[in-house]
Amino acid sequence: MTPAAPPNGRLAIFPGSFDPLTNGHVDIVLRCAHLFERVLIAVLVNPGKQPLFTSEERVDIIRDVFREYPNVEVDTFAGLLVDYARQRRATAIVRGLRAVSDFEYEFQMALMNRHLEPTLETVFMMPAEQYTYLSSRLIKEVFSLGGEVSGLVPPIVEERMRKKHEIPTT
Ligand code: PNS
């Protein structure tokens, strides 16, 4: 028997580093917002990493990007994703799959998360083809070396990256 839907609708958690948010991430969130009543973008707070944007800055940027989407929420989390998902009563974890190269890591994570919390499903979604080569790591590298990133990240992200690197807007 299918369990009844939660009273506030099904919540999907889209977890990640989002340092920075790319148009590939935006594409997944919008697809996800069609499938689930609520989408929670969960920004990992990882004290071991030296990010470009602090977790507070990332939350701020992502909230700004999705300000017109009432069913999209943004929060931070630390520790195990399944613990956070339990606490938020999430129905599913959503992850984007870009290419075959993503598969092995994503498969391991999905099965480990299932081992830790068997009732929590991982749902994979494919972004639009034009974003399949995008990654936050490449965006940071290209931008720091003077390459063009417009069209690959939301304008708000590009603006904040310019500010970080103290590059005047053209
Ligand atoms: O954007 P990323 O860096 O690929 O996201 C990875 C993320 C945040 C989803 C993953 O590292 C994670 O879930 N970290 C939280 C700690 C955890 O639960 N680890 C076990 C995963 S099986």
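This is a predicted model: local features need pLDDT of at least 70, side-chain atom pairs count only at pLDDT 80 or more; totals for chains, interfaces and linings use all residues.
Colleague: Which side chain puts a polar atom 2.6 Å from an oxygen atom of the ligand?
Modeller: Arg95 has a polar side-chain atom 3.0 Å from an oxygen atom of the ligand, so under the 3.5 Å cut-off this pair is a polar contact. The 2.6 Å distance belongs to a polar side-chain atom of Ser17.

Colleague: How much of the ligand's accessible area does the protein cover?
Modeller: On its own, the ligand has 550 Å² of accessible area.

Colleague: Which element gives the most to the shell around the ligand?
Modeller: The ligand sits in the largest pocket, with 13 residues around it. β1 (11-16) and α4 (100-116) each supply at least two residues of that shell. With four residues, the top contributor is α4.

Colleague: And the largest cavity: which helix supplies the largest share of its lining?
Modeller: The space in this cavity is about 30 Å³. Its lining includes Phe53, Arg58, Ile61 and Ile62, and by class it has seven nonpolar residues, no polar ones and one charged. Three of the lining residues come from the helix with the largest share, α2 (residues 55-65).

Methods
Residues are numbered from 1 along each chain as its sequence is written. Side-chain values use heavy atoms; hydrogens and water are left out. A residue is near a molecule or strand if one of its heavy atoms lies within 4 Å of it. A polar contact is a pair of N or O atoms within 3.5 Å; within protein, one must be able to donate a hydrogen and the other to accept it, and residues adjacent in sequence count only if both atoms are side-chain atoms. Accessible areas come from the Shrake-Rupley method with a 1.4 Å probe; for residues, only the protein chains shown count as cover. On a 1 Å grid over the protein atoms alone, a cavity is a set of points where a 1.4 Å probe fits but cannot get out, and a pocket is an open set with protein on both sides within 12 Å along at least five of seven lines; lining residues have an atom within 4 Å of a point. A molecule sits in a cavity or pocket if more than half of its atoms lie within 2 Å of its grid points. Grid points are joined across faces, edges and corners, and a volume is the space filled by probe spheres set on the points. Ala, Val, Leu, Ile, Met, Phe, Trp, Tyr, Cys and Pro count as nonpolar, Asp, Glu, Lys and Arg as charged, and the others, Gly among them, as polar.
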